[in-house]
Amino acid sequence: MDRETRLAWLVDHYRRPRHRGALPNADARVPGGNPGCGDIVTLYLKAEPGADRVAAISFEGVGCTLSQAAASILAERVNREHPSFDEILSTPPEQVVDLLGREIAEARPGCALLALGTLKAAVKTVERNRKLRAAGHTDEQIAELRREIARQGEAAGVVVGEGAEDAAKSVGSR
């Protein structure tokens with residue numbers, strides 16, 4: 001795909017996003033934020049019952065054309081392919097960079113990869129929640145563990161989980 005066609009494709013996904021909106025009965029709702037520019041993507045993931053596979057995802061978000069188009073493109077592909085958790089977790093960033101267009105994505109990698117990082121965090125959230133429930137933890141205990149993990153991860157740059165929306169929004173108030 002040439003550069004002009006790729007840009008038109010990205011703008012189309014930005015203007016007419018696919019799978020946008022909260023997913024009813026999602027197993028995970030994971031916000032991701034890019035404090036570098038204020039992008040926010042919240043991923044909703046529904047897992048196939050009893051399987052380590054995605055049944056459906058959707059997203060909500062605000063931000064630049066690249067971050068929102070990447071979320072739409074990722075949601076479209078995941079909902080078409082229903083990949084396993086392992087397939088998602090092993091997806092290299094380079095695969096998304098190539099999909100979006102290396103020249104475009106490498107100029108703003110935080111924007112291009114926000115949705116993928118947030119999707120991986122959603123998969124890990126579902127896996128972790130399943131294990132914690134099997135070990136007898138309550139939903140409240142699980143929520144507190146997630147908040148603590150988010151606090152520890154804030155120094156990493158791209159913020160995923162509790163606090164991600166606030167971290168990304170703080171860019172605009174500086």
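Reply: Helices (H or I, at least four residues) and strands (E, at least two) are DSSP runs, numbered from the N terminus. The model is predicted, so local features need pLDDT of at least 70 and side-chain atom pairs count only at pLDDT 80 or more, while totals for chains, interfaces and linings use all residues. Residues are numbered from 1 along each chain as its sequence is written, and side-chain values use heavy atoms, with hydrogens and water left out.

Me: Is Thr-91 buried or exposed?

Reply: Thr-91 sits in the loop that runs between helix H3 (85-89) and helix H4 (93-100). Buried means under 20% relative accessible area, exposed over 50% and partly exposed in between (1.4 Å probe, protein chains only). Because its relative accessibility is 16%, Thr-91 counts as buried.

Me: Which residues is Thr-91 in contact with, leaving aside its neighbours within four places in sequence?

Reply: Contact means heavy atoms within 4.5 Å. With those sequence neighbours within four places set aside, the partners of Thr-91 are Leu-116 and Lys-120.

Me: How are H1 and H2 placed relative to each other?

Reply: Axes are lines fitted to C-alpha atoms, for helices over the stretch in contact, and angles run from 0 to 180 degrees between N-to-C directions. The axes of helix H1 (residues 3-15) and helix H2 (residues 65-81) come within 8 Å and cross at roughly 85°. Angles under 35 degrees count as roughly parallel, over 145 as roughly antiparallel, 65 to 115 as roughly perpendicular and the rest as oblique. H1 and H2 are therefore roughly perpendicular.
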